[in-house]
Protein chains: 2
Amino acid sequence: MSVALIAQSGGPTPVINASLLGVVEEARRHPEISALYGARFGIAGVISQSFVDLLQQSPETLAAIARTPASALGSSRLEVKEQQLEQILAVLRAHEVRYFFYNGGNGSMGTASQIAAYARESGYELQVIGIPKTIDNDIVETDHTPGYASTARFFAHATRDIGADNRALPGQVEFIEILGRNVGWIVAATSLASQSSDDAPHLVYLPENPLPLEKLLDDVHEVYRRLGRCVVTVCEGQLDERGEPFGADVRSGSRGSLAMNLAHRLAMLVSERLKIRARSEKPGLLGRATSAYISRRDWDEARLCGSSAVRSAVNGASGKMVGLVRENQRSYAVKPVLVDLERVAFAERTFPSEWQNEAKNGILPAFRQFASPLIEEVTPFSPLKDIPIPKKTYMTGAKHR
Amino acid sequence: MSVALIAQSGGPTPVINASLLGVVEEARRHPEISALYGARFGIAGVISQSFVDLLQQSPETLAAIARTPASALGSSRLEVKEQQLEQILAVLRAHEVRYFFYNGGNGSMGTASQIAAYARESGYELQVIGIPKTIDNDIVETDHTPGYASTARFFAHATRDIGADNRALPGQVEFIEILGRNVGWIVAATSLASQSSDDAPHLVYLPENPLPLEKLLDDVHEVYRRLGRCVVTVCEGQLDERGEPFGADVRSGSRGSLAMNLAHRLAMLVSERLKIRARSEKPGLLGRATSAYISRRDWDEARLCGSSAVRSAVNGASGKMVGLVRENQRSYAVKPVLVDLERVAFAERTFPSEWQNEAKNGILPAFRQFASPLIEEVTPFSPLKDIPIPKKTYMTGAKHR
């Protein structure tokens, strides 16, 4: 008897459960896998042996959860400490778990790597395969990461929509706060909403670069002078040239500190300093929690990463993560490959600086070539045709009544 | 020659252009209407004679803009002053405008009423008909207002989605800031996301009632003790018992002051006072700017109000707004009626207190009966079936390796 176990880790993505579906579907095809358990609430559920039977789920249930954002098994932000590895391995041993699949981001790949190493040292046969998942697209050794495209697609549409609102009711600067602490992959994708320099977003900033407040104010002022309106997309993790979040409120957590109201703070500063009406929107977690903007390709690839993980494990691989390689440039296609967990663990893939404009407030077309096949089209809103009516001369005043 | 003119006013709704479509379609059917002009950027476009020809738009253009949020003509928040009425009438006279349609909220109905009165006093024959539009649902003399259901539908889904995220990754209090300054119709609709007391939203507050901070903290604490998580929906305009926005930053504008970061402020207070991890999301204008959650019924009714306005004007009505009457309780149907603009102008329809629970932190089922036919179903996410795996006993320690 060989049991397989899967756990979901960290923040959900809109397609995280498509990977779970891929794992379950593929596990059913391999008689070597006698049972497939899902850990409730991530690695915490492994430690507490809180397992649910996944092979006994009905096809209808699986189909439904595969279209549902938010980790169906529940997730956890628990960071595994050295001394917990022994306990984790004891649980795996007790349940005769021989295949462990860990669906998470770069930190989780580090944990998976540690578990694989600990099992090897202990002489316990265990195949550990990482399934990549992050909205941030910051995992190295893969063309991109499942989850990214759907969240990017949400924010690209949000920018188009708020941009249309800003155009219809001008005289205002809009800051849209985008998910992303350290890397600008998602905020860069808001540029897909723009077909011309008229369209939102008018300014896009990457958290990879410090943003001096004076530069931001100058940039906003210039757009506002030109259009009488302005939409700015900026990451929750954007810092100023002193490495500070512009005076925003900060929350400290296990993953470092994070500004809680960055875009609001910037809107206040624009309002005070430029005397222009400004406001901010923060769709926040909606960007990872909503299913309305799932990219079909993202969903397919998330599922593919799940099924590939199971195939690889059954074929004897361990200590690897499933990565995606783009096969050619003409028509989009990817194939799954295996990469060393150790090379992925705790590394961070930043947004390529060559895809940013020189003024560091916009994204170049090369990024669109990379991202469009993943994110799909952002259809621009079609305007009324401008068929003007000639003005008439008229006079006012009581005598003309 | 009799020209008709339409202007859109105030903040857009997801279905505002369906009303525009209704006006254009119906105008085509009446030979009395020789031309139909659209004013660019609301009443400001009337004053500046910035008109676009609407009968010359192609059916494809009209079909496309009718599915597009954000006023296709452009809108304005300009409040018409007494002395501008003369100029407005002079423009209408110069262009031989005999039908004026004003698509807006209660304030705009006041302006429409003033224009109708001024034309009558001046002896200028003009049919003025108001077409109701507001996401807030605060217009009196109508069962509900086009625009409300689609924005309410957005926020109900946002609450479901963020609720699922909060369930998957518990240990946190989530505040979702909902559009709404004075009335709680939209925030009440977030209750449609909940099928059981387990589901978000766990707490819903109406801006009609002051909310003492201590009560909020007690309520949150109680939910958190019970579930280990909590989702609160609260309006941007919520005030505490002193009539203050809990210390949030305030922007003053023509429509009074508005807290710019209410939910953020509440999350900070919960975090500080209860020592519970808390954050906030503010989808903000997305709620009125996105088309992904348009209610088909809302769209149909917005179009109906547009076409009814034209029919009524051609039949000689003036100084009226199109209202909706719910015809019977068994199967949902509405019919358009005409109500006096004067009765609508500057009135405000608050959320019925009898639809709120006694603890003033939740919404009663009677509201669901009212709202469900408009907003349509909010499909709950289906969970994995709980088929637990029995726990095993195991021992840890070096000697057992």
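Reader: How many bridges join S7(A) to strand S8 (residues 230–235) of chain A, and what makes them partners?

Author: There are 2 bridges between S7(A) and S8(A), and these strands run parallel. Strands pair if DSSP finds at least two bridges between them, so this count meets the rule. Strands here are DSSP runs of E with at least two residues, helices are runs of H or I with at least four, and both are numbered from the N terminus.

Before going on, note that this is a predicted model: local features need pLDDT of at least 70, side-chain atom pairs count only at pLDDT 80 or more, and totals for chains, interfaces and linings use all residues. Residues are numbered from 1 along each chain as its sequence is written, chains are lettered from A and ligands numbered from 1 in the order in which they are written, and side-chain values use heavy atoms, leaving out hydrogens and water.

Reader: Why are S7 and S11 of chain A said to stand at the edges?

Author: The open sheet has 4 strands, paired in parallel in the order S7-S8-S6-S11. Strand S7 (203–204) and strand S11 (278–281) of chain A each have a single partner strand, so one side of each is left without a neighbour in the sheet. Within the pairing, A:Val204 stands opposite A:Thr233 in S8(A).

Reader: Why is the pair of B:Trp185 and B:Phe370 called tilted?

Author: The ring centres are 5.5 Å apart and the planes make 45 degrees. Rings of Phe, Tyr and Trp (its six-membered ring) pair if their centres lie within 6.5 Å; planes under 30 degrees apart are stacked, over 60 edge-to-face, and the rest tilted. B:Trp185 lies in helix H7 (residues 185–189) of chain B and B:Phe370 in helix H13 (residues 365–375) of chain B, so the pair ties together parts that are 185 residues apart in sequence.

Reader: What makes A:Arg67 count as lying over the face of A:Trp299?

Author: A:Arg67 is 3.8 Å from the ring centre. The rule asks for NZ of Lys or CZ of Arg within 6 Å of the ring centre and within 35 degrees of the ring normal. In chain B, the charged end of B:Arg67 sits over the ring of B:Trp299, 3.8 Å from its centre.
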